[in-house]
Amino acid sequence: MVGDTKPARRRRTGRGRRILRGTLFGFLLLIVAVLAMFAGFYVGVARSLPPLDLASASAHPDQTTKVFDDAEKPTLLAELHGVENREVLTSDQIPQVMRDAIVAVEDERFYVHSGVDFLGILRALWANLRQREIVQGGSTITQQYIKNAYINDDRTIDRKLKEATLAYQLEKQWSKEKILTEYLNIIYFGEGAYGIEAAAQEYFGVRAADLTIDQAALLAAIPKAPSAYSPRRDPEAALARRDLVLNKMYQQHYITSNELQEALAKPLKLAKQAGSQTTQVPYWVEMVREELVSRYGSSTVLGGGLRVYVSVDLSLQKQAEEAIASVLSSKNDPAAALVCVDVHTGKLLAMVGGQNFSQSQFNLATQGKRQPGSAFKPFVLATALAQGTSPDALYDSGPAQIELPDGTWSVDSTDEGPITLREATARSSNGVYARLVMDVGPEAVAKTANDMGIQTSFGQNPNPAIALGGLTTGVSPLEMAMAYATLATGGERLTATVPFNPTSTSFPVVIDRVTDSTGKVLDKNSIKRTPTLDSGIAAVVTSILEGVITDGTGTAAQIGRPAAGKTGTTSNYRDAWFVGYTPDIVTAVWVGYSDEQKAMTNVHGIRVTGGSFPAKIWAAFMKQAVKSIPASDFAKPSPDQWVEVEVCSESHQLPTPLCPTRVRMLFRAENVPTEECQIHKAKEISVPAVVGDTIADARALLGEAGFKVTYTEDPESSEPAGVVTHQDPPAGTALLQGRTVALVVSARTIQQVMVPTLTGLDIADARAQLSAIGLTANETSTPDASTAGTVLSQDIQPGTLVDPGTAVNLLISSGPDSTTSSTEALNGGLVD
């Protein structure tokens, strides 16, 4: 048997190898089939297209694109045209280092393919499958040029095939050098710069011919996503991608190791911006421009004669700007950003991205990433409610010391004792929320925030400080507005259906529709509503956030109608937020210094918190924004989904007779407690002695011991009314808590009277007083030096309560003894 082992293993190994070879062969056949099918489509489309007419299809702009608002009578907001910040260069005017940089990062096989890179498509497909998301694209530089210069259809398979076919035709007519030159002259580099010459001057203040290696790499990094990789808007992201380009240039032998190291060591140095404000809504126009270029290509945007209608409400936009100016009016005041979204249509109605576009084109509303502080707590609250925690659950509010794998997390907090989550949200208690996030888990909170509309990634292991808004990367006001909109809609996340901004999973409608110059509709946008949060949970969170405004940290945001919201203030007062909503509109306001992390500890004489300037700006704007909208209430939690139950205040379970304090708490229907309190369980103890105590004292004593009490009254008892005269079981009997002790209580109904002071009175007066209050006298006489008839003593002390008819025994003086008086008289004259 032993001798057969090795051949058996060899047989199994051989079978395994044949299976593996078969699998690989099948996979290769599949690839060949896919490529053959693609080639078939390619040939079919190629035959259906006329030859590429380079003479008639000018790559340079010839019709102005116009941007309007979406009012009944549209107002022209801006014109986008080709002469805007573009200078066309010849091939010899573009330095080789710029050509190398763009080829290295955008199309490393540019010089060997024929317009379409099939190997690149497969490589990108494989990378995307492995990452389970789009991480690489398969378009060549030639295809990108075709898209920007000639193609303006929807993003469909048909269009991609047309693009590929025209790219192949172009490669037959133009040299690689000319294609690359035209591509670098037409692509968009952000900040209004089209083409490499405009980009070189915009970012570095030099001509393209004078670009250095590090500068060329930075410019090559931008076209993939001009907004995301803008060195003015996100220097860290831009530098990271610049370094990626430099490494690709080295790997593809465009630069040496020394050149690589020198370029990597170069800091980011940009030329001063020379932006100009040529429209009443410049931040809107710049955002729309970038979205249009992303979808249609720069050539179509600059020369296609598009008619673009955007969602801005110019009246609300003006009110938003005036609201900020009314609160932050001084020269050295911090900046502010505001975003307003219609809950019903998903349209972005107003957006303030900064106070002076000519000085800074950085859009604080959409691109500013700042720490949200306690404005992030609603995501923790929603997570807790989804996990079954009651909004009335009690948590300690004091400072917290929480041990984490990387050290102790110290949380400062005002100690108000145990308070409910409802109270903790209104008061913005850090102690409560630090403890809460440890119960629900920071990963769950991160998922809730992302599901509701926050785009920022929290990484695989988010820090618990996420509960207090402590994020590695901040969030934008637009993100916060869209996430809170999910609460305002009753749990539905809003996302525009047309992906003008394909990188966003939760974006409002900004561009409502686009037509060509003849009026043909190219794109019509609307809002997609995706249920992401239980409607009952959204309603409960909203009811709690209403309390923030009515009597919490956000009272300055009161607008005279139902509204909900949350304040946010970061450590050292560097960022302050108020994000809130009505059933119709959601608005986010951020206040802070845009160009530095500067503490706002003395602005108009106060420390800036979310409940100060941001709440005031929010209220000033919202009062105007909702004027024409009838007031309405928020949706209430359904009784089928949420149930109020009386529970033990300590265990949150059904109360036993021993539970000292009971509270009414709101629970999701599936989480209503069904078990009795396990903290206050019954035990067998001795029955206390209560005979002789008043009924009130007896009930209190027995209740504290955990017994129930019943009693009967005895009207015949001689004991004072209300006194316990008997108990069953007797004192000292062992009895299980929760059982009943029966008492008998005196219930005398006779009104007792108080015995007066009679000693020293004449008997006649004493009798009269006793008779007046219903008492009688038993009299006994005795000789005494006192005047006859004087009361010498009484057997019931004065002040004693007695029943009417009671006889008081009195000792009465009968006067001096007569025998004694006669003897004294006989001897009165003798001298001893």
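Student: What makes strand 10 and strand 13 (residues 527-531) count as paired, and in which direction do they run?

Tutor: Two strands pair if DSSP finds at least two bridges between them, and here 5 bridges join strand 10 to strand 13, which run antiparallel; Arg-493, for instance, stands opposite Thr-530 in strand 13. Strands themselves are DSSP runs of E with at least two residues, while helices are runs of H or I with at least four, both numbered from the N terminus. The model is a predicted one, in which local features need pLDDT of at least 70 and side-chain atom pairs count only at pLDDT 80 or more, whereas totals for chains, interfaces and linings use all residues. Residues are numbered from 1 along each chain as its sequence is written, and side-chain values use heavy atoms, with hydrogens and water left out.

Student: Why is strand 10 (residues 492-496) described as largely enclosed by the rest of the structure?

Tutor: Buried means under 20% relative accessible area, exposed means over 50%, and partly exposed lies in between (1.4 Å probe, protein chains only). Because 4 of the 5 residues of strand 10 are buried, that strand is largely enclosed.

Student: Which strands stand at the edges of the open sheet, and why?

Tutor: The sheet is formed by 5 strands in the order 2-1-3-11-12, with mixed pairing. Strand 2 (76-80) and strand 12 (521-524) each have a single partner strand, so one side of each is left without a neighbour in the sheet. Strand 12 is joined to strand 11 (residues 511-515) by 3 bridges, and the two run antiparallel, with Thr-515 opposite Val-521.

Student: Why is the contact between Arg-233 and Glu-290 called a salt bridge?

Tutor: The term requires a side-chain nitrogen of Lys or Arg within 4 Å of a carboxyl oxygen of Asp or Glu. The closest N and O atoms of Arg-233 and Glu-290 are 2.9 Å apart, and the pair therefore qualifies. Arg-233 lies in the loop between helix 8 (213-221) and helix 9 (235-251) and Glu-290 in helix 11 (residues 282-296), so the pair ties together parts that are 57 residues apart in sequence. Both Arg-233 and Glu-290 are buried.
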